[in-house]
Amino acid sequence: MHYYAALVLTVITGLTTAALPAQAKNMFLTKHNTARDVAHVPHLAWSAALETYARNWGLKCLWQHSNGSYGENIYSSSPKKNNLTVLARSAADMWLAEKPSGGHYVNMVRNAYKHVGCTIVHCTNAPLNNFVICDYSG
């Protein structure tokens with residue numbers, strides 16, 4: 001029964017639900033930790049729990065912050081891109097470009113954060129197909 005429900009959800013929305021590949025995780029960590037080196041704050045460690053939280057929110061394809069208990073960065077783009085490592089780099093580069101104004105950059109280098117978990121979801125029912133989410137915790 002559970003398999004059938006998941007299959008129907010995928011057919012209706014066209015979601016990508018797989019866990020993030022190692023190369024994309026490494027890209028997120030490299031971009032974050034390089035920025036943290038410049039800011040003189042300790043590196044982040046990957047959190048599977050935060051990745052799951054981000055993925056569960058992303059699967060709703062709402063393109064908005066979850067307003068949960070974690071720090072959160074979001075990014076979206078079109079058309080659909082299958083290279084998740086390139087999407088991870090694009091999202092992180094956009095957040096890094098916000099350094100002069102603070103913006104999402106602040107979450108990337110906030111000293112209180114020790115863990116990050118990110119996901120990339122492809123949403124066919126949204127105007128922007130690629131939905132990237134990173135969540136942060138202390």
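The largest nonpolar core of this predicted model holds 24 residues, and Phe28, Trp95, Ile120 and Tyr136 have the most contacts inside it. A nonpolar core here is a set of buried Ala, Val, Leu, Ile, Met, Phe, Trp, Tyr and Cys residues joined through side-chain atoms within 4.5 Å. Buried means under 20% relative accessible area, exposed means over 50%, and partly exposed is what falls in between (1.4 Å probe, protein chains only). At least two residues of this core come from each of helix 2, helix 4 (84-97), helix 5 (105-109), strand 3 and strand 4. Helix 4 gives the largest share, 6 residues. In soluble globular proteins, nonpolar side chains tend to be buried together.

A few notes on reading the model. It is predicted, so local features need pLDDT of at least 70 and side-chain atom pairs count only at pLDDT 80 or more, while totals for chains, interfaces and linings use all residues. Residues are numbered from 1 along each chain as its sequence is written, and side-chain values use heavy atoms, with hydrogens and water left out. Helices (H or I, at least four residues) and strands (E, at least two) are DSSP runs, numbered from the N terminus. As for pLDDT, the predictor's confidence in each residue from 0 to 100, the protein chain averages 86, and 87% of the residues score at least 70. Over residues 1-16 pLDDT stays under 50, and the model has 16 contacts (heavy atoms within 4.5 Å) for them beyond four places in sequence. Where pLDDT is low, the predicted coordinates should not be read in detail.

Helix 3 (48-58) comes next. Its buried residues are Leu50, Glu51, Ala54, Arg55, Trp57 and Gly58. Seen down the helix axis, they fall within an arc of 165° (taken from the directions from the axis to the C-beta atoms), so they line one face of helix 3. They pack against helix 2 (22-39), strand 1, strand 2 (71-77), strand 3 (115-122) and strand 4 (130-137). Turned away from that buried side, the other face carries the exposed residues Ala48 and Ala49. Ser47 sits in the loop between strand 1 (45-46) and helix 3, and counts as buried at 12% relative accessibility. The Ser47 side chain reaches the backbone nitrogen of Leu50 at 3.0 Å. Leaving aside residues up to four places away in sequence, Ser47 touches His115, Val116 and Gly117.

Then there are the aromatic pairs. Rings of Phe, Tyr and Trp (its six-membered ring) pair if their centres lie within 6.5 Å; planes under 30 degrees apart count as stacked, over 60 as edge-to-face and the rest as tilted. The count comes to 2 pairs. Tyr53 and Tyr70 have ring centres 4.9 Å apart and planes at 75°, so that pair is edge-to-face. Tyr53 belongs to helix 3 and Tyr70 to the loop between helix 3 and strand 2, 17 residues apart. Both are partly exposed, Tyr53 at 26% and Tyr70 at 33%. Tyr113 and Tyr136, with centres 5.6 Å apart and planes at 20°, are stacked. Tyr113 is buried at 13%, and Tyr136 is buried at 1%.

The loop between helix 3 and strand 2 also holds Cys61 and Trp63. Phi is positive at Cys61, near 55°, and at Trp63, about 45°. Most residues other than glycine have a negative phi.

Conventions: A polar contact is a pair of N or O atoms within 3.5 Å; within protein, one must be able to donate a hydrogen and the other to accept it, and residues adjacent in sequence count only if both atoms are side-chain atoms.
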